[in-house]
Protein chains: 2
Amino acid sequence: MQSLRDILRRIAAGEITAAGALALSAARIAESESSILAFASRPAELAAGTGPLAGIACGVKDIIDTADLPTQMGSVIYEGWRPRSDAAVVMMLKATGATVAGKTHTTAFAASDPAPTRNPHDLGASPGGSSAGSAAGVAAGMIPLAIGTQTGGSVIRPSAYCGVAGIKPSYALLPMVGVKPFSWSLDTLGLMAASADDLGLALATITGRPELDATAAELKGLRIGVTRQDFAGAPEPAAEAALQRFCEIATGAGAQIVELESPQALSEAFHAHVPLQGYEATQALAWEYAEHREQIAPKLRAYLDGARSVTPAQYDEARRISRRGRDAARAFFGQVDVVVSYAAPGEAPDTLASTGDARFNRLWTLLGVPCLTIPVMRGPRGLPVGIQVMSGFGADDRVIAAAKALETRVEPIR
Amino acid sequence: MQSLRDILRRIAAGEITAAGALALSAARIAESESSILAFASRPAELAAGTGPLAGIACGVKDIIDTADLPTQMGSVIYEGWRPRSDAAVVMMLKATGATVAGKTHTTAFAASDPAPTRNPHDLGASPGGSSAGSAAGVAAGMIPLAIGTQTGGSVIRPSAYCGVAGIKPSYALLPMVGVKPFSWSLDTLGLMAASADDLGLALATITGRPELDATAAELKGLRIGVTRQDFAGAPEPAAEAALQRFCEIATGAGAQIVELESPQALSEAFHAHVPLQGYEATQALAWEYAEHREQIAPKLRAYLDGARSVTPAQYDEARRISRRGRDAARAFFGQVDVVVSYAAPGEAPDTLASTGDARFNRLWTLLGVPCLTIPVMRGPRGLPVGIQVMSGFGADDRVIAAAKALETRVEPIR
């Protein structure tokens, strides 16, 4: 993979130019794209911008508006569609000098119907979803940075399946203006890169919040809570093994592992994700459903057929439960410095027909708390398996600091 | 003005058809539009839909996406722009059988540069902003219903200036998908109509929440809190006179008036609106500012020039203050059944160069609580002056019920 910080260091040292760094990304894309299919569209050339991230080629998920490239939502309904303006996050990215390397494939409207993208670790395995192209593009070494979105687990899951680092920051840390909504109470922009270190640097630069380029945490004495999310069902053995490996590494470095009980309010909030998302998705895709139902990809169409039955009263109750969950989350995360859990149920599915399962991600998306996944080991099929580090709302710097400290102790998976 | 409930009653009674009701609106538009300038674009004809609001012609503010009509944001930057899809609220409207009568003029990007629209009560006076065309279209009797948005006071203020009833419901009661954002923590869709009674019926039907078509409240014993929003400065005598007239009417009907103190947390939240909106507007209009700064209308351009200086730390602090304000609002509104205050500082400005002042609206938009304005009297220049009725988050039905009971006791202003 391409390390964003390493590229910038080499540019600063005069070893390469920004244009040269982009040319390297372009060459990697020319080499790998035909087998990975990460991109829905790409510019004719990669021109360097001006600013601290000049030379960084960034993939942008294809539900995010761009004025210069089509924005096709992974759906024939938006084939060739050109928005008028760039999304706010694209403008933030451009202001850093980074270059949009292309629009990355998404599942249709960021739901469950697979994108054409392959997993670079196994071309027959799923790259996950919905931010499939963003994760695979980074994993294949084509781009050092990519933007995705998460409503259930669409940043953390594909990152874990593809063996890259991914962060879903606190809700609305990155502005959603110009991003196609699916469920506005949940939709959150995130980043993928080669490491937590790269994520911190990129997120700090894009948001103008230098504290997010956090110094690695002191592991000695760090209190790490472990939650197995019993309310979400059991993981596969590979995910449990990764969690245990992570805890061993942390303990070996002097951190303290604390097994956490899930309060009832969090379990209820987990289940509230279903009606919350269903009600909002029905409204967010009302035009597509009414005018182009037959062109909506089949899993999403079936989902919307069912979601229409969520009533306003059920939605209101889900919002009340969500609020109670967010209140309970403050105490839950307040017990420890960071919390760790499964990033996904296991390795990537051994099929291109499923994007996998977001059940270990949904609660945290609903709570709006920062989640960062790093790969920890390989599973029985040789695919990466990660964990996710989390903390309370707004403590993105703490999550980045802890993940940075721990990732250096994990044996690199590639 | 056209009464929505009356039109539906006549259709149900067979006195007119839905097509006939639309023809009446079309005739009114043909008659008045050249002097009022409420519409930025209109369809070639008004065709009746199917559903409970069939026959109702509705204006849609021109920052709200429509697939069949341009969406021009009140700005030359979006001249002739055609979105791919309808906004969620437009789909909700169409699902009721109502007909989009046209896109109504907005100030540029729903900020402060005046729209071309005139105030039907005085063609030289401001109709208010930003939802100028929506309010004026209803006031001129061209349409019985219109959709607007409020970030500061852009539904309540133009409604009050034009002498119509307007509701800014609880935050996100109407979904913002497909509406151009200005400040996503504040932006709220609302409705204008001839009366609170019409608003309740329309909002209940559009949202599928029948309880919003509330029965008029029992005024005897109703506890009405009065807040003069000292933190926002003094009103003009006309606004104070309208508030007092309203209280006299309420007291005469057996209601109990309770003078409310403003807790410090609300005063702080009022001031937090400035950095909150500034930071978000900078991001929401980043593309327009970077690519088309010279084409941005001058007041907005100057605003954005200044708003760029809000730091992430100031923004985060504003969000924390907002949250404390929302917590304090629960106790504040919990003291009484509804709260009443000024809808605007006074009559509409005697100029087309200013859209007036939102200082009595900003806090309530930030708190996300429902606000409903009804006209109460005429001011010294003969223009309407209203008050606004408010309650806690989610108590939209209570606000509608109280306003319905009180509006029947107010002498009609036209």
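Where in chain A is the place of Ser130(A)? Ser130(A) sits in the loop between strand E3 (99–104) and helix H4 (132–139) of chain A. Helices (H or I, at least four residues) and strands (E, at least two) are DSSP runs, numbered from the N terminus. I start there for the peptide bond. Gly129(A) and Ser130(A) are joined by a cis peptide bond, with omega about 0°.

Chain B has its own case. A cis peptide bond links Gly129(B) to Ser130(B), again with omega about 0°. Ser130(B) is in the loop between strand E3 (99–104) and helix H4 (132–139) of chain B.

Some ground rules. This is a predicted model, where local features need pLDDT of at least 70 and side-chain atom pairs count only at pLDDT 80 or more, while totals for chains, interfaces and linings use all residues. Residues are numbered from 1 along each chain as its sequence is written, chains are lettered from A and ligands numbered from 1 in the order in which they are written, and side-chain values use heavy atoms, with hydrogens and water left out.

Met73(A) is not a glycine, yet its phi is positive, about 60°. Met73(A) lies in the loop between strand E2 (57–61) and H3 of chain A.

Next, the annotation. UniProt, in an unreviewed entry, places "domain: Amidase" at residues 47–399 of chain A. UniProt positions are in the numbering used here, feature names are shortened, and annotations may be inferred rather than shown by experiment. Over residues 47–399, chain A is 35% helix and 16% strand. The end C-alpha atoms of that stretch are 33 Å apart.

On to the interface. Chain A gives 37 residues to the contact and chain B gives 37. Contact means heavy atoms within 4.5 Å. About 2800 Å² is buried between the chains, 59% of it from carbon and sulfur atoms. Buried area is the accessible area (1.4 Å probe) that two parts lose on being put together, summed over both. Arg84(A), Arg209(A) and Trp287(A) supply 24% of what chain A buries against chain B, more than any other three residues.

Which salt bridges cross over? There are two between chain A and chain B. The rule is a side-chain nitrogen of Lys or Arg within 4 Å of a carboxyl oxygen of Asp or Glu. In one of them, Asp316(A) meets Arg209(B) at 2.6 Å, N to O. H11(A) gives the largest share of chain A's side, six residues.

Last, the salt bridges overall. The count over all chains is 46. Arg381(A) pairs with Asp350(A), with the closest N and O atoms 3.9 Å apart. That pair links distant parts of the chain, 31 residues apart. Arg381(A) is in the loop between strand E10 (371–378) and strand E11 (384–390), and Asp350(A) is in the loop between strand E9 (338–342) and helix H12 (362–367).
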